[in-house]
Amino acid sequence: MLRKARAGPNIVQILGHKQNYPEYGDQTLFLEYCSHGDLVDYKSYVHRRNAIVYVPEELIWHVYIQLSEALDFLHYGPPNTERGDWRPIVHFDIKGSNILVAPGPTDMTPQIKLADFSRSGTPDHTHPSGMTIVGTEDYLPPEQPHINHKGDVWAVGCVIHWLALNAPPYNHREHQIIFQRYRKASSETQNAEMKLKLREDYRRECEGIPRVMHPIDLSIEEWLATKSKDQEQRVRWHSDSAKKHIPRWSYAYSSVLNAWMMKALQTLPQDRATARRLVSGMIPVGKRAIEAIQKGSVFDVDGDGDIIMG
Ligand SMILES: Nc1ncnc2c1ncn2[C@@H]1O[C@H](COP(=O)(O)OP(=O)(O)O)[C@@H](O)[C@H]1O
Ligand SMILES: [Mg+2]
């Protein structure tokens, strides 16, 4: 898959390959080296290097723009490809650790490269993975296990949410409890059929966990003002637990970034933006926002969601 994908923008390049056991199709790929590591590493680097606890808005736009370009290529092919002439590639595993970062002109404008195509496939596959429960499923879209290219868009929305709030839109605590229970059960049996059944049950249970999409353009006071007592408790719990790492609610982003993140995080796939829509709608707006941020000017958004320079 990566061979076919690599012609696209913002996709990690293959420099060479070595056949290990051709009879099993086993080979080693040599990739271009991305010296900043993955986006999880880079997020920590940005916090440390700038002594800040949030990710600046300019950087988030750059990541969003470059990931959208990568997805547009994977899903629709090179520019001017006719419908039907391109077999879409779905990545299926977009998350911070599978996004590589190479230096750009400044720390806020790095090069972003989508990597780890080990789960990628065509949209008619359901989410492919082994039968052992190996990792958390924080970035899976609500429609799992019936995921197509719109699942990649959801995952990019999750990456933006994570950059802004240090957590994907997921009830992590509830998920962890289920995950641990199934991991334990799975490690206690050697029966392959049983393991497979556990995995399916696990996924089904995860499906029921509500996604929690937090707006990113509110201060904590504004956020609390819109919530009921019960939700308020939850928010407090979230922010308390996050203090150990990074206080999440320390920074409010623009409403236009929030609006575009939410277009990628629509629960129903049919309501969710396509990568094409992100490229035609979000990218021009994002570029103007970046320009405004770099000039240090204030910007606002009009009724159509376009940016008005202050
Ligand atoms: N070309 C590369 N440049 C820099 N770091 C890389 C590169 N490829 C992989 N890495 C690092 O190795 C990690 C694992 O690689 P990945 O391709 O995602 O394999 P897997 O998740 O299957 O182990 C990445 O999260 C990243 O930190
Ligand atoms: Mg990986």
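The shell of residues around ligand 1 comprises 6 nonpolar, 4 polar and 3 charged residues. In this predicted model, 13 residues surround the ligand, and L31, C34, D38, S97 and D116 are the closest of them.

| Helix pair | Axes come within | Crossing angle |
|---|---|---|
| α3 (residues 57-76) and α10 (residues 275-295) | 9 Å | roughly 160° |
| α3 and α4 (residues 149-165) | 11 Å | roughly 170° |

With α10, the axis of α3 crosses at roughly 160°. The two helices are therefore roughly antiparallel, and their crossing is left-handed. On the α3 side, the contact is made by E57, E58, W61, Y64, I65, S68, E69, L71, D72, H75 and Y76. Helix α10 contributes A275, R276, L278, V279, M282, I283, G286, A289, I290, I293 and Q294. Classified by residue type, this contact contains 13 nonpolar, 4 polar and 5 charged residues.

The axes of α3 and α4 cross at roughly 170°, and α3 is therefore roughly antiparallel to α4. From α3, the residues in this contact are I60, V63, Y64, L67, S68, L71 and H75; from α4, they are H149, D152, V153, V156, V159, I160, L163 and A164. The contact of α3 with α4 has 11 nonpolar, 3 polar and 1 charged residues.

Residues Y64, S68, L71 and H75 of α3 take part in the contact with α10 and also in the contact with α4.

Methods: Residues are numbered from 1 along each chain as its sequence is written. Chains are lettered from A and ligands numbered from 1 in the order in which they are written. This is a predicted model: local features need pLDDT of at least 70, side-chain atom pairs count only at pLDDT 80 or more; totals for chains, interfaces and linings use all residues. Axes are lines fitted to C-alpha atoms, for helices over the stretch in contact, and angles run from 0 to 180 degrees between N-to-C directions. Helices (H or I, at least four residues) and strands (E, at least two) are DSSP runs, numbered from the N terminus. Angles under 35 degrees count as roughly parallel, over 145 as roughly antiparallel, 65 to 115 as roughly perpendicular and the rest as oblique. A crossing is left-handed if the near helix is turned anticlockwise from the far one by less than a right angle, and right-handed if clockwise. Two residues are in contact if their C-beta atoms, placed from the backbone, lie within 7 Å. Ala, Val, Leu, Ile, Met, Phe, Trp, Tyr, Cys and Pro count as nonpolar, Asp, Glu, Lys and Arg as charged, and the others, Gly among them, as polar. A residue is near a molecule or strand if its C-beta atom, placed from the backbone, lies within 6 Å of it.
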